[in-house]
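Please look over this model with me before we discuss it.

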Amino acid sequence: MSFFLGWIAGLSIGIGLIVAFACYEKIRSSRRCNLAITLAAFAKLTLQDTEKLIPPAQYRYPSWLNWLNQELAKIWPYVNEAASELIRSNVEPILEQYTPAVLESLKFSTLTLGTVAPQFKGVSIIDDESGAEGITMELELQWEGRPKIVLDINTRIGVRLPVQVKDIKFTGVFRLIFKPLVHAFPCFGAVAYSLRQKKNLHFTLKVIGGEISAIPGISNAIEETIKDAIEDSIRWPVRKIVPILPGDYSDLLELKPVGTLEVKLVQAKDLTNKDLVGKSDPFAKIFIRPLRDRIKRSKTINNQLNPIWNEHFEFIVEDISTQYLNIRVYDDEGVQASEFIACARLALKDLEPGKVKDVWLKLVKDLEVQRDTKYRGQVHLELLYIPFGAESSFINPFNPDFGLTSLERVLKSGKDGATEASKLARTTTERKKDVIVRGVLSVTVIAAENLPAVDFMGKSDPYVVLIMKKSGTKVKTRVVNNTLNPEWNQTFDILVEDALHDMLILEVWDYDPFKKDKIGRCIMTLTRVLLEGEIEDHFSLDGTESGKIHLRLKWSPQHVFRDT
């Protein structure tokens, strides 16, 4: 009997231990799954989501910030009335200045900011820029208001459009500068304010009683006009002054220029086609600040999705640490409004003074909200930043004195002022396209590697055609049969009349007695070889999935007078 009871007890305990272990393993597995789900959720967080959870160190959220938001909500009806009139009187003239060619006039017919007050999300003190004479503060502001804004728009074709601006969402950082500090109450003479950073600006346009898309180009034109007006009116380095005590505060208005930015717009590739018949006719607008006299426009390249511009522009830089170079590419529609293709921008703080930066920028639909991941092409730029006061320390190929022979320099600096010397004396305000650099370009086509197979036998018979775009000079290498890694080691000396504005185009072809197939091409300016004198490098081929070409380039200036 005792044996039977022992057997029952042992069996029960064993079954109990097995069930307990199974439950433990199930709970442990469930915890692991929950932990994995939590980690996966954290892995999907974007930088913006992280900043919402963990604010950046430079921003502090003091207890009085909530009080400030509550008090702002109380007085908002009065602020709304005063601010609406202030915006109308200040922004409307700027809108008139930026009215696009397709529109005859653009004015406010109704303007109220609504009942929802903005919210302050953060505050910081900028010690490095305050100095001993002032205090610099930055406030992060977020506003998702329900304003009533109606624009009265008259088009060139005689159509009047009442356009409502809806669903405004704005997030930005405003900078306040209290300067100078004085002994009289309230202890500072004036307040300068500016939009230091525009993190997000989104709104929709709707024609009252109609659809704005019924007139092509109108929506994009109005949207660009509004955004450019904001950039022009309050975006840093523009600053608005509110005098508190009597005095002259003109030194607070804007930052002083600190240097020049030389930009060469080389080319673009793989642009989105906006035309139903044929291809787009692209041109580009380039600017640091969207002021009308500072926006540069390239020429239009007709019926081309891979345009080559090779144009040079110069810009004034006021704040290298905060400003951007902006590029917008459009499809030229003739008498109609140009259609926007894509845009890109580059932070000027990424540039090294005195060094040419060769860069390809990816084009996107919107710089502020990059939700659209569609590939829209790339744009190729060469950039050179020269700070004021350091011009003599750097080599600037766009400077009118660059490329002068020793004899030319002697004549230019001579006291007698000979005729040729007076012609060579140029000011820095002259157009850069007048600069001419003449010489001999020696191009050694060494080899190519990893070329794609074009022939049916899995090989190619490659040769290279060298073309100077401006002069039209054309030479070519010999054909190397049955290989994807050809070696040529051929040197060509090409006389270049205007190296600063010419381009070298190398096309790799597959030779066939009946049909010649282009394998790929490489386009380059001569800026780098002008600065370095001699370069050797491998260059990727466009228009093909693989392939590089190995080149050696040498520049020899020709000692002759330039035609001025």
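1. **Basis.** This is a predicted model: local features need pLDDT of at least 70, side-chain atom pairs count only at pLDDT 80 or more, and totals for chains, interfaces and linings use all residues. Residues are numbered from 1 along each chain as its sequence is written, and side-chain values use heavy atoms, with hydrogens and water left out.

2. **Confidence.** pLDDT is the predictor's confidence in each residue, from 0 to 100. The protein chain has a mean of 79, and 79% of its residues reach 70 or more. Residues 403-433 are one of them, with 35 contacts beyond four places in sequence (contact means heavy atoms within 4.5 Å). Residues 560-564 also stay under 50, with 18 such contacts.

3. **Sheet.** Four strands form an open sheet in the order β18-β17-β20-β21, with antiparallel pairing. β18 (474-476) and β21 (517-525) are at the edges with a single partner strand each, so one side of each has no neighbour in the sheet. From one strand to the next, the twist averages 20°. Axes here are lines fitted to C-alpha atoms, and angles run from 0 to 180 degrees between N-to-C directions. Strands (E, at least two residues) and helices (H or I, at least four) are DSSP runs, numbered from the N terminus. Two strands pair if DSSP finds at least two bridges between them.

4. **One pairing.** β17 (residues 462-468) and β20 (residues 503-510) are antiparallel, over seven bridges. Met468 stands opposite Leu504 in β20.

5. α3 supplies the largest share, 13 residues. By class, the lining has 33 nonpolar, two polar and two charged residues.

6. **Backbone.** Most residues other than glycine have a negative phi, and most peptide bonds are trans. Lys179 to Pro180 is a cis peptide bond, with omega near -5°; Pro180 lies in strand β5. Phe185 to Pro186 is also cis, with omega near 10°, and Pro186 is in the loop between β5 and β6. Asn310 has a positive phi of about 55° and belongs to strand β11 (residues 308-317).

How values were computed
Nonpolar A, V, L, I, M, F, W, Y, C, P; charged D, E, K, R; others polar.
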